[in-house]
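Please examine the sequence and the structure before reading on.

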Amino acid sequence: ASEDRRELLAFLSGSSSYAPQSGQILGIMKTMHDEMMADYHAATETEEGAIQFFEELMAAKTKEKELASQAIEKKTARVAELGIALAEKANDLEDTQEAMAADKEFSANMAEGCAKKKAEWEE
């Protein structure tokens, strides 16, 4: 009974041997919270920067793709035009070669005819 009485008096007078540790625990938890929030904000900021970089890169690559597609279309049209021009030139060459063969034949016939006429006039 006297032991209980001493504990009760010690408790009421505030001289208990128990010292609560909750203040230290709360301090540690607040520090952990602050560190985690700082890490979270840093990660969020990094991610937002990466998102912005990605969007800018995609815009640039999309523009680059459009320009490349336009260049391909222009070059394809140019190849078609040059193909047509080449075919026309090949036809012109063939026509010219045929005309030249006809002109050579005519020239040979004229030379032969002239030689006959010259022989006739010399007689």
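Is glutamate 112 buried, partly exposed or exposed? With a relative accessibility of 47%, glutamate 112 counts as partly exposed, where buried means under 20% relative accessible area, exposed means over 50%, and partly exposed lies in between (1.4 Å probe, protein chains only).

The model is predicted: local features need pLDDT of at least 70, side-chain atom pairs count only at pLDDT 80 or more, and totals for chains, interfaces and linings use all residues. Residues are numbered from 1 along each chain as its sequence is written, and side-chain values use heavy atoms, with hydrogens and water left out.

Side chains of opposite charge can pair when their charged atoms come close. A search of the whole structure finds 4 salt bridges, each defined as a side-chain nitrogen of Lys or Arg within 4 Å of a carboxyl oxygen of Asp or Glu. One of them joins glutamate 112 to lysine 116, with 3.7 Å between the closest N and O atoms. Both residues lie in helix α2, 4 residues apart, or about one turn of the helix; helices (H or I, at least four residues) are DSSP runs, numbered from the N terminus.

Helix α2 covers residues 22–122 and also holds glutamate 64 and lysine 61, which are separated by about one helical turn because they are 3 residues apart. Their salt bridge has its closest N and O atoms 3.6 Å apart. Glutamate 64 is partly exposed at 46% relative accessible area, and lysine 61 is partly exposed at 44%.

Arginine 78 forms a further salt bridge, with glutamate 81, at 3.9 Å between the closest N and O atoms. Arginine 78 and glutamate 81 are 3 residues apart in helix α2. Arginine 78 is partly exposed at 46% relative accessibility, as is glutamate 81 at 48%.

Methods. Helix = DSSP H or I, 4+ residues; strand = E, 2+ residues; numbered from the N terminus.
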